[in-house]
Amino acid sequence: MSSPTTPVERAFEAALYTDTHDALDAGASILAADPDADPELARRGREFVAAAWRRGWQPADVVRLVRREVDNADAHVRLVSELIRTQAPDDRARGPRWAAQLDELAAAAPPPRTDRFTHATTVLELYRLLLRLPSLEPLDDGHEPKRRQENHRPASRMLTRIRALLAKAEATGFPEEAEALSAKAQELMARHSIDEALLDAQAPAKDAPGACRIGVEAPYEQAKAVLLDAVAGANHCRAVWNEAFGFSTVVGFEADLEVVELLYTSLLVQATSAMTKAEAAQRAGGRRRTKTFRQSFLAAYAHRIGTRMAEAAGTQLTDDLLPVLATREVAVTDRVDTMFPETTTTRLRGITDEAGWTEGAEAADRAQVRTRPPLD
């Protein structure tokens, strides 16, 4: 085996294949001593990013993982964001979700200026992580169906209206106003999704289920994953949680995936707001078990939301929609089975606070979840 010939190769051999601090310091010292190594170091970083894409990762996944795995990760997040942006022109064309993730990274600040040794240490820590990324289930976000491209602008306007209504519902302090705004948003969601289903049924080239990953962040990620699963199921999608990497993969048709993202985010905001108010009341009464209260609150909220949405789903369908939706459900199930031939179930842990459970269930009853109201 030949010896490393460049400073970058020597630094990599010293630092990337072990987890010790001494090895990291040795590699960083090699890089810090040679400014001429910087172009090769950046090029190798772009190669690591491209390798992550080949393993099924997407920009938001990588940034999320860096934030989860690295202590004080601000510099690492900025660095990987810059690498992703600079690698993008060399990448193949991908779908709209990928483009949206790149757009979000475009707003990220560049890495902070530090001394060469500190910068080299950050680079090597990041490259260690990128080098060891396992393979994920590919989402095949490589193209946008022709029919959807033709209808993309109207759909975007509809979703913009939905987002605006949900944002107002989350911000208002008046329950009646929130209910009216949420009800209108949910009506638009239903029309958007059903119109897409009927249009697809009439198209010569049928659409196919897609998939997206939605972050399920700590703390209380189990309860949040249950909530996302409930939202996905009520909207003709399926969610598979990856606890190790902090996301769920949601499989469904594009219009339904968009609804799931919007509604899950809105319900999580509503749950957090309600939990904060309930917790303040508990503290005022002298209680201090904050963690168990929050965990039980969110678990009950997710459970009750799931029950309500399942009940609503059985009363919102018309006979003419059943064959169309049944066909789409089979397609979604087939895609899930292909992507995830082996899955396991898990039980919620640490749900021991009775007051938290009661408060969470009551908050879920107040939340707006009529995702598929009957349409006139």
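Student: At what angle do helix H3 and helix H7 pack?
Tutor: In this predicted model, H3 (residues 38-54) and H7 (residues 116-131) pack at an angle of about 25°. Their axes are 10 Å apart.

Student: What do we call that, roughly parallel or roughly antiparallel?
Tutor: Roughly parallel, because angles under 35 degrees count that way.

Student: And which hand does the crossing have?
Tutor: Left-handed, where H3 passes H7.

Student: Which residues meet there?
Tutor: From H3 come Asp38, Leu41, Ala42, Gly45, Phe48 and Val49. From H7 come Arg116, Val123, Tyr127, Leu130 and Leu131.

Student: OK, new topic. How many helices and strands does the protein have?
Tutor: It has 15 helices and three strands.

Student: What order do the strands take in the sheet?
Tutor: The order is E1-E3-E2. The sheet is open, and its pairing is antiparallel.

Student: Which ones are the edge strands?
Tutor: E1 and E2 are. Each of them pairs on one side only. From one strand to the next, the twist averages 25°.

Student: What holds strands of a sheet together in pairs, in general?
Tutor: Strands pair through backbone hydrogen bonds, in a parallel or an antiparallel way.

Student: Back to this one. How many bridges do E1 and E3 have?
Tutor: Six, with E1 covering residues 210-215. Here are two pairs. Gly215 has Phe247 of E3 as its bridge partner. Arg213 has Thr249 of E3.

Student: And how many join E2 to E3?
Tutor: Five bridges, and E2 is residues 238-242. In that pairing, Ala239 stands opposite Val250 of E3.

Student: How many residues lie between the strands in the E2 and E3 hairpin?
Tutor: Four. Look at Gly246 in that hairpin: it takes a positive phi near 70°.

Student: Is E3 mostly covered or mostly open?
Tutor: Mostly covered. E3 runs over residues 247-252, and six of its six residues are buried.

Student: Which residues sit on each side of E3?
Tutor: Phe247, Thr249 and Val251 are on one side. Ser248, Val250 and Gly252 are on the other. Both faces are covered.

Student: What about H12, which strands does it lie across?
Tutor: H12 (residues 254-284) lies across E1 and E3. It runs at about 10° to E1.

Student: Let's switch to H4. Which residues are buried in it?
Tutor: Pro59, Asp61, Val62, Val63, Arg64, Leu65 and Val66 are buried in H4, which spans residues 59-69.

Student: What do those buried residues pack against?
Tutor: They pack against helices H3, H5 (74-87), H6 (96-106) and H7. They also pack against strands E1 and E3.

Student: Last bit, the whole protein. What share of the residues is buried?
Tutor: Buried residues make up 47% of the 376 residues.

Student: What share of contacts comes from residues 24 or more positions apart?
Tutor: They account for 80% of the contacts with a separation of 6 or more.

How values were computed:
Residues are numbered from 1 along each chain as its sequence is written. This is a predicted model: local features need pLDDT of at least 70, side-chain atom pairs count only at pLDDT 80 or more; totals for chains, interfaces and linings use all residues. Side-chain values use heavy atoms; hydrogens and water are left out. Buried means under 20% relative accessible area, exposed over 50%, partly exposed in between (1.4 Å probe, protein chains only). Helices (H or I, at least four residues) and strands (E, at least two) are DSSP runs, numbered from the N terminus. Two strands pair if DSSP finds at least two bridges between them. Contact means heavy atoms within 4.5 Å. Axes are lines fitted to C-alpha atoms, for helices over the stretch in contact, and angles run from 0 to 180 degrees between N-to-C directions. Angles under 35 degrees count as roughly parallel, over 145 as roughly antiparallel, 65 to 115 as roughly perpendicular and the rest as oblique. A crossing is left-handed if the near helix is turned anticlockwise from the far one by less than a right angle, and right-handed if clockwise.
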